[in-house]
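At each stop, select the residues named before reading on.

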2 protein chains.
Amino acid sequence: MSRIEPRNYAEAIQAGLEKYVPEEKLLQGGLFQAMRYSLLLGGKRIRPILLLEFCGACGGDQESAIPFACALEMIHTYSLIHDDLPCMDDDSMRRGKPSNHVVFGEARALLAGDALLTMAFETMLSQDSIASVGPQRAARAAGILARASGAYGMAGGQMIDLQSEDQKIPADTLIYMDECKTGTLIVAAAKMGCVLADAEEEKLHAAEKYAKSIGLAFQIQDDILDVEGEQDSLGKPIGSDLENGKSTYVSILGMEKARALVQSLTDEATAALSCFGARGDYLRELAIALSSRKN
Amino acid sequence: MSRIEPRNYAEAIQAGLEKYVPEEKLLQGGLFQAMRYSLLLGGKRIRPILLLEFCGACGGDQESAIPFACALEMIHTYSLIHDDLPCMDDDSMRRGKPSNHVVFGEARALLAGDALLTMAFETMLSQDSIASVGPQRAARAAGILARASGAYGMAGGQMIDLQSEDQKIPADTLIYMDECKTGTLIVAAAKMGCVLADAEEEKLHAAEKYAKSIGLAFQIQDDILDVEGEQDSLGKPIGSDLENGKSTYVSILGMEKARALVQSLTDEATAALSCFGARGDYLRELAIALSSRKN
């Protein structure tokens, strides 16, 4: 059973991404270049880390989970590239660098997003990956990711976001939108880790509860930072949500209640981990670290 | 072993697509509406038909192959939606109707494409589908489709197309581009059908050879029809490739040689089917019908 030390997660993920989306001298090499630009730029890698950690906490083989961890990051990155396009949010900066379409043009950015989304499934369902985790786990984990990314998950959340633009929406709509848009992918990460370790149902449910709570807490913290954060550490203009007339947790609940909600969700998340015993320690710390993050 | 009569293929595929992408009253219902608009518009359904027919010719269960046949059509449809976007080919008509983005706007069309691409994998890797064909076949077939659709396949072909715009390209580049852009998906359809029937390697190779030949013949015939076809039956303006300054098989080879190449590729395709005996009859007829099509 191959384990990876948490301090080596980021490196293992980066190495996987480099391997699955290599530089290519093919005629379509420019597509790989655009995919790599956004994929290798960094970011918190929260989703792949969650997958690896839940896989390890359930006693699974983390090394063979790397293709699945990388697939999560590919899906996340594709969504950022498409989100930044002029016909969507029209953002020219991402993670402190020019957006994909600013560097490579709209057409290539569109294709890079499409190709990253597809590469996620190619990576999880390669012959090596299927042989390594077994077809049952590979198919199930990839199916969870597909469901979480599509019309019932992330893409559906984007659609709700699109039609909510420039108008006030009630808190329950905002929560449903965020559950779709970002929550489902975070929940998928946790569940995929458990599935790859062939964990019992109890742990799958605990993972889902934990991930749902930290996912929502993450969004609320985002809104808090959009009002309070420092532009340098955030990598995007402060107050941009407010200027766009978007409903946020802070605008709906007020700052104080928003902060209290982040705290109670974080408490719920850590409480959900009881069935993991000491093996849940890293995940407890992660929930707390995310709730107090400054960027 | 459930078999479907060829005359019922189109109906079975349409019913599958209706089921896997239903009308939804969810907040993101408008996304399903846009997905259905392009998906249910019709088209030749060549890819899903190829899959079903190869599955049947290899003695497989066609009913349980329906999710995979539908997944092919979802991938094909997503590629058309994204292709028509203003930043790509900027086409306002598709299959004789206004393009997706003309009806729903660019942002929703972008999302509808993303969601169809994702729904393809969701459909193939649903719990029902995995249970029905078994995880080994499900994972392998979905892996083939992923590889064929992504950076090494269709999306890569689009990239080559993008950088070849408004310039003359040599015949071998055009062939490589078309192999990536459309050939790989047609080959994937044939191979997936064999894989779902757990066919021996000999049949997989024959299927690949057949599909590669009809795929290229299809492209050449497209170029011939672009010059010669009637606008009504084609559903797009005649001579549009020529006006765009694109290199085509007709512009490179001349009309006579282009026609001869369609014929020889079709002969190669039908010859490849020898190991299927009488079970390859429908596929032989299909190759011939495609080579003499008028739209």
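Is Glu200(A) buried, partly exposed or exposed? Before you decide, please keep in mind that what you have on screen is a predicted model. Glu200(A) counts as partly exposed, because its relative accessibility is 44%, and a residue has to be under 20% to be called buried and over 50% to be called exposed.

In general, side chains of opposite charge can pair when their charged atoms come close. Over all chains, the count comes to 28 salt bridges.

**Second stop: a helical turn in chain B**

Now move to chain B and select Asp281(B) together with Arg284(B), whose side chains meet in a salt bridge at 2.8 Å from N to O. These two residues are three residues apart in helix α16 of chain B, so about one helical turn separates them. Asp281(B) is partly exposed, with a relative accessible area of 38%. For a case in which salt bridges share partners, select Glu18(A), Glu23(A) and Arg36(A), which are joined in this way into one network.

**Third stop: where the two chains meet**

Next, colour chain A and chain B separately and turn to the contact between them, which takes 50 residues from chain A and 50 residues from chain B. The area buried between the two chains is about 4300 Å², and carbon and sulfur atoms give 72% of it.

How many salt bridges does the rule find across the interface of chain A and chain B? There are two salt bridges across this interface. To see one of them, select Arg147(A) and Glu122(B), whose side chains meet at 3.0 Å from N to O. Arg147(A) lies in helix α8 (residues 135-149) of chain A and Glu122(B) in helix α6 (residues 106-124) of chain B, so this pair joins two chains. Arg147(A) counts as partly exposed, at 45% relative accessibility, while Glu122(B) is buried, with a relative accessible area of 7%. Then select Arg147(B) and Glu122(A), where the side chains also meet in a salt bridge, with 3.0 Å from N to O.

Now zoom out until both chains are in view. Chain A can be laid on chain B by a turn of 180 degrees and a shift of 0.0 Å along the axis, with an RMSD of 0.0 Å, which is the relation of a two-fold axis. The same surface serves both copies, in that 100% of the contact residues of chain A recur in chain B.

A search of the whole structure finds 11 aromatic pairs over all chains. Select Phe54(B) and Phe276(B), and look at how their rings are set: the centres are 5.6 Å apart and the planes stand at 70 degrees, so the pair is edge-to-face. Phe54(B) lies in helix α3 (residues 46-57) of chain B, and Phe276(B) in the loop between α15 (255-272) and α16 (281-291), so the pair ties together parts that are 222 residues apart in sequence. Both Phe54(B) and Phe276(B) are buried.

In chain A, select Phe54(A), Tyr210(A) and Phe276(A), which form one aromatic cluster. Then select Arg293(A) and Phe218(A), where the charged end of the arginine sits over the ring, 3.7 Å from its centre. In chain B, the charged end of Arg293(B) sits over the ring of Phe218(B), again 3.7 Å from the ring centre.

**Last stop: two buried positions**

Select Ile66(A), which is placed in helix α4 (residues 66-84) of chain A and is buried, with a relative accessible area of 6%. Apart from its neighbours within four places in sequence, Ile66(A) is in contact with Ile4(A), Ala12(A), Gly16(A), Tyr20(A) and Leu52(A).

Finally, select Gly157(B) in helix α9 (residues 154-163) of chain B, which counts as buried at 0% relative accessibility. Gly157(B) and Lys181(B) are 24 residues apart in sequence, yet their C-alpha atoms are 4.0 Å apart in space. Leaving aside neighbours within four places in sequence, the contacts of Gly157(B) are Met177(B), Cys180(B) and Lys181(B).

Key: Residues are numbered from 1 along each chain as its sequence is written. Chains are lettered from A and ligands numbered from 1 in the order in which they are written. This is a predicted model: local features need pLDDT of at least 70, side-chain atom pairs count only at pLDDT 80 or more; totals for chains, interfaces and linings use all residues. Side-chain values use heavy atoms; hydrogens and water are left out. Copies are superposed by least squares on the C-alpha atoms of residues with pLDDT of at least 70 in both. Contact means heavy atoms within 4.5 Å. Rings of Phe, Tyr and Trp (its six-membered ring) pair if their centres lie within 6.5 Å; planes under 30 degrees apart count as stacked, over 60 as edge-to-face and the rest as tilted. Helices (H or I, at least four residues) and strands (E, at least two) are DSSP runs, numbered from the N terminus. Buried means under 20% relative accessible area, exposed over 50%, partly exposed in between (1.4 Å probe, protein chains only). A charge sits over a ring if NZ of Lys or CZ of Arg is within 6 Å of the ring centre and within 35 degrees of the ring normal. Buried area is the accessible area (1.4 Å probe) that two parts lose on being put together, summed over both. A salt bridge is a side-chain nitrogen of Lys or Arg within 4 Å of a carboxyl oxygen of Asp or Glu.
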